[in-house]
Amino acid sequence: MGSVKTVLYKKPYKDNKYPIAIRITHNRKSSYMFTGQYIDFNQWDEKNQRVRKSHSNSVQLNNLILKKTSEANNKLLELETSEKRISSAIVKSHIRKEYKSSSFFKLAEDYLDIHEKSGKHTRISAEKPMIKHFKDFVGGDIDFRDITELKLKTYQSFLRSTRSIKERTVVNHLVVIRTIFNLGIRNDLVDRKFYPFGKGKIVIKFPQSVKIGLEETEVKALEELQPSQLTQPERHALNVWLFSFYLAGMRVSDAVRLKWSDFQNGRLFYSMGKNQKAGSLKLPEKAQMIIDQYADQKDNTDFVFPELKKTDLKNSEQVTKAIKNADKKFNKHLNRIAKKVDLGKPLKMHIARHTFGNLSGDAIPIQMLQKLYRHTSITTTIAYQSNFMFKDVDEALKSVVG
């Protein structure tokens, strides 16, 4: 049988004060776990294993001692009944794993730093504010073990009522917390039993969003706009939007990165920035006509579109910022264009991808759409394309209603 006892360690450490320790003894061998608290030698009551009342914080310290001694006793009994071979060191290791925890926000800083070193500045710009929102909510630092199911449910309500954000954004906030919590578990900063996510706890479920794409007549209205109807910046924004649509809804981040060297023998060769999937597409005639408008602007940067020409490509943060600014600029001009053709729908760069999905509908085999979208999993394609496949439900409704 083993024993747990609170002692004052014999060797002074800090300012000639002695550390309070939990001594775990099993088979006559002892291991010490330190509480992180230090007192003068004459302030310790060895007989009763407690801090004397003469200490200004005796009540708090004795409560801490009682708590940690109880935890150690419970773990010792648990291991003695469940493990065939244990030692004081094994007991200590199990206890340390349970009450060794760390600052959530300290690890969050390390998490953001990993993204910084990996050049994932888009992810940083999205997740850093979410981490700050959580820190503002809890009022400073927080231990992993204090991030409970109740705490997160209260946080969800706080986000919905105070910040008035969409449900998808609320879920994104929880995803960041879950990611950092999992990182804490993998780095042995918190035991998995404190994990507040999963079945019976906080279940993260992404709400299905409604994706609206343009109809064929609406795309034609944009294509038929005359140069005299648009300012030069508007014409450029529309060119990039149409080019993106013609290439199966290419993302704006990929469009502005395109170089003349990516085009060979009437084909476009490029790797998608989001998942690094490489591929080649025969350039549609309409897309060729758009880039021909930029042929006289070729220079040593090799970029087709001008957004990154003055950017230091070795500085990933600067590149990310330039792409973000380009997207914002395009969307501003596209909004003006939408009003000129009485579109009645939002017109932004990402709508080009939705428009391709809407016009392809269920007319193209799902496996081919997966190739065009460059999705890693076909289930992603199915989920995405389900937003635009209405034929079956339309016919079913018609068969009943007439």
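Guide: Helices here are DSSP runs of H or I with at least four residues, strands are runs of E with at least two, and both are numbered from the N terminus. The model is predicted, and in it A248 sits in the loop that joins helix 8 (232-246) to helix 9 (252-255). With a relative accessibility of 2%, A248 counts as buried, because buried means under 20%. Although A248 and A352 are 104 residues apart in sequence, their C-alpha atoms are 8.1 Å apart in space. Once the neighbours within four places in sequence are set aside, the contacts of A248 are with R353, F356, L372 and Y373.

Turning to a helix pair, the axes of helix 4 (residues 121-138) and helix 11 (residues 316-340) come within 8 Å and cross at roughly 70 degrees, and the two helices are therefore roughly perpendicular to each other. Helix 4 contributes H121, T122 and S125 to this contact, while helix 11 contributes S316, E317, T320 and K324. Sorted by class, the contact of helix 4 with helix 11 has five polar and two charged residues, and no nonpolar ones.

There is also the second largest pocket, which holds about 310 Å³ of space and is lined by K5, T6, V7, L8, Y9, K10, R23, Y32, F41, W44 and E46. Strand 1 (residues 3-8) supplies the largest share of that lining, with four residues. By class, the lining of the second largest pocket has six nonpolar, one polar and four charged residues.

Terms used:
Residues numbered from 1 in each chain as written. Predicted model: local features only at pLDDT ≥ 70, side-chain atom pairs only at ≥ 80, totals over all residues. Heavy atoms only, no water. Buried < 20%, exposed > 50% of the residue type's maximum accessible area, 1.4 Å probe, protein only. Contact = heavy atoms within 4.5 Å. 1 Å grid on protein atoms, 1.4 Å probe; cavity = no way out; pocket = protein on both sides within 12 Å on 5 of 7 lines; lining within 4 Å. Points joined across faces, edges and corners; volume = space filled by probe spheres on them. Nonpolar A, V, L, I, M, F, W, Y, C, P; charged D, E, K, R; others polar. Axes fitted to C-alpha atoms, helices over the stretch in contact; angles between N-to-C directions. Parallel < 35°, antiparallel > 145°, perpendicular 65-115°, else oblique.
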